[in-house]
Each structure stands twice: as structure tokens, then as C-alpha cells.
Amino acid sequence: MNQYLAWFNEIPDEELGGSAGGKGASLCRMSRAGLPVPQGFIVRSEMFNAFMEQAGLWDFVFEKLEEIDFSSDASLIAVSAEIRRHIIDTPVPQDMAMEIVRFYTSMGNGRMPVAVRSSGTAEDLDDASFAGQQETFLFVIGNDDVIKFIKECWASLYNDRAIFYRREKKFDERSISIAVVVQTMVSAQKAGVMFTSNPITNDYDTVVLEAAWGLGEAIVSGIVTPDNLWINKHTGEVTTEYISEKETMVVRLNERGGTKEVPVPEELREAPVLTEGERSQLVSLANKIESFYKKPEDIEWAIVDGQVYLLQSRPITTMK
């Protein structure tokens with residue numbers, strides 16, 4: 001097995017947390033369990049560590065972190081930006097870049113759209129959630145951009161939110177690392193979030209679904225109010241249903257990649273996003289995932305032509 005990169009089915013269970021990070025480990029586990037996870041590979045934390053070591057960046061980072069005055073937002077933001085800029089401006093060694101390109105091109109013809117997603121080694125723990133604190137890039141296409149955005153993910157380990165959160169949670173900065181997920185992009189017609197138990201009411205018998213048109217980024221970034229359904233996980237009965245007016249959706253920008261916001265077609269704005277069959281598929285998957293992890297999970301999903309794909313799963317940290 002490659003010391004720096006691995007397909008979802010290659011990293012041994014005992015190495016997943018350290019090598020693949022929280023998001024990557026979850027995708028690897030779900031993929032191995034036969035759940036519908038799009039193909040992908042992990043840029044292991046070992047590559048980030050070696051990149052930082054070879055470039056002599058660790059000493060620079062730790063010295064800069066010591067300079068932060070945590071009583072000053074300006075100090076935190078300025079030091080964070082300087083660290084990230086230094087990482088982004090440092091070239092990836094040629095042997096590492098060639099390995100990334102080899103893995104990426106084996107997914108397609110070198111023009112496969114992928115999602116490039118940060119996966120911190122301290123994220124998605126049962127008592128801490130780093131959701132949204134590191135970067136995700138969608139519809140990334142081509143060797144150069146894949147390498148560029150992997151490095152952007154590495155740098156995002158040191159954004160101001162993440163640094164502050166780790167300090168609040170008393171994480172040791174010298175034990176922190178980051179992996180990156182490179183995964184086939186699902187060009188979702190509809191997408192959303194699913195809670196395998198209800199975190200609002202602490203009801204373990206109810207699945208909560210949030211759904212919107214286009215990519216799930218519209219929900220995650222808060223630009224659309226999604227449909228919201230509460231469904232009994234045992235009977236499939238919809239106990240609460242709110243169909244929102246969905247004015248905006250996120251879709252692919254163009255053939256070169258990227259994303260854009262567009263208006264939702266008039267006839268879809270007040271229409272339910274999910275069909276009855278899709279709701280059933282999602283509730284069935286919620287039950288399988290909760291049984292697999294033996295605890296409630298917060299899941300990101302996407303649907304293309306009626307097929308559900310799982311993009312992420314993390315523990316719900318607020319259930320009592």
C-alpha cells in the first residue's frame with residue numbers, strides 16, 4: 001500500500017483515524033460496508049506531515065501560533081492568514097505531486113470532476129465536531145487544480161475558526177494533522193442532510209430529513225431553507241412535513257468545473273424535493289448506518305436519477 005495515498009478500501013481499520021481523518025475514515029468504513037459511497041481516495045495525513053517536514057514548515061507554524069493574542073480577533077485572523085499563505089506558496093515535492101496525479105488520472109481520463117475535501121485527524125469525534133471549519137472544493141477538474149486544492153485543504157487546518165476551536169477544546173497543536181478526500185463528484189439533482197435520530201427532541205425513533213434542489217452546498221452554506229421532514233424510522237410514517245419555498249440552488253458552473261448559484265425553476269420552488277420512494281431509500285439507509293455505527297449519525301447525501309449517494313457521516317454530538 002502507498003505510504004501517502006490510498007483508495008477507500010485500503011487503509012486498515014486501526015490506522016483510519018490517524019491517516020484518513022474523521023471524514024475520510026467514515027467514508028472508508030461506509031464504502032467497505034457496501035453502502036452507496038462514490039469512488040475516491042485519501043491523501044493520507046502522512047503526506048501532509050512529510051510535506052510540512054520537508055519544507056521546514058513545522059517550526060514556522062508553531063512559532064506563529066505562539067504569537068497569537070487570543071483576546072484579539074485581529075491577531076488570530078492575521079497570524080492564521082500568514083500561516084495559510086506560507087503553506088499555499090510552498091510547492092508540493094515532485095514525487096508527491098506525481099503520485100497524486102497517478103491516483104487522480106486512474107479515476108478517469110484526467111478530466112474527472114472530483115470533490116476535494118479536508119479531513120482533519122481531530123474532527124468528527126464523539127465529543128467535538130469540526131464541521132465546516134476546514135475547506136471543501138467541488139467540481140475540481142485536472143491535475144494542476146487537484147494538487148492546488150489539496151494544498152488549500154492542508155492550509156485550511158490553520159484557518160482562524162479551526163485554530164480557535166482547537167484551543168477552546170484544548171487540543172495539542174503538535175498532535176494535529178489533516179488528510180484530504182478526493183472523491184468522484186456527484187452532480188446532484190437534489191441533496192441534503194439526514195439525522196438518523198432527532199437531535200432537536202432527542203427522539204431516537206425519528207429520522208430528520210432536510211432536502212433541496214441541486215447540490216447540498218445550498219443547505220450547508222445557508223442560502224436556502226430546505227424542505228424538512230420528520231419520519232418514524234420503524235413505520236416510515238411522516239410525522240412532520242414542511243415544504244419550503246426554495247428560490248436558489250447550487251449547480252455546476254461550467255465544463256471547467258466550479259459551482260454557481262442559480263434560481264430554482266418556477267415549477268419546482270414550492271414542490272416537495274423528495275419522492276415517496278426516495279424518502280423510503282433514505283430512511284432505510286439511516287437505519288443501516290445507525291446500526292452500523294451503533295450511534296446516531298449526521299449524514300450528507302445526494303440523489304441522481306433516483307439513486308442515493310452518501311457523501312459524509314459524522315456522529316451527532318448533541319444527543320442526550
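Author: Contact here means heavy atoms within 4.5 Å. The model is predicted, so local features need pLDDT of at least 70 and side-chain atom pairs count only at pLDDT 80 or more, while totals for chains, interfaces and linings use all residues. Residues are numbered from 1 along each chain as its sequence is written, and side-chain values use heavy atoms, with hydrogens and water left out.

Reader: Which residues does S80 touch, not counting residues up to four places away in sequence?

Author: S80 has its place in helix 4, residues 73-89, where helices are DSSP runs of H or I with at least four residues, and strands are runs of E with at least two, numbered from the N terminus. Beyond four places in sequence, the residues that S80 touches are Y158, N159, D160 and I163.

Reader: Is S80 buried or exposed?

Author: Buried means under 20% relative accessible area, exposed over 50%, and partly exposed in between, with a 1.4 Å probe and protein chains only. Because its relative accessibility is 0%, S80 counts as buried.

Reader: What is the bridge partner of L5 in strand 2?

Author: Strand 1 runs antiparallel to strand 2 (residues 40-43), and three bridges join them. Within strand 2, the residue bridged to L5 is V43.

Conventions: Two strands pair if DSSP finds at least two bridges between them.
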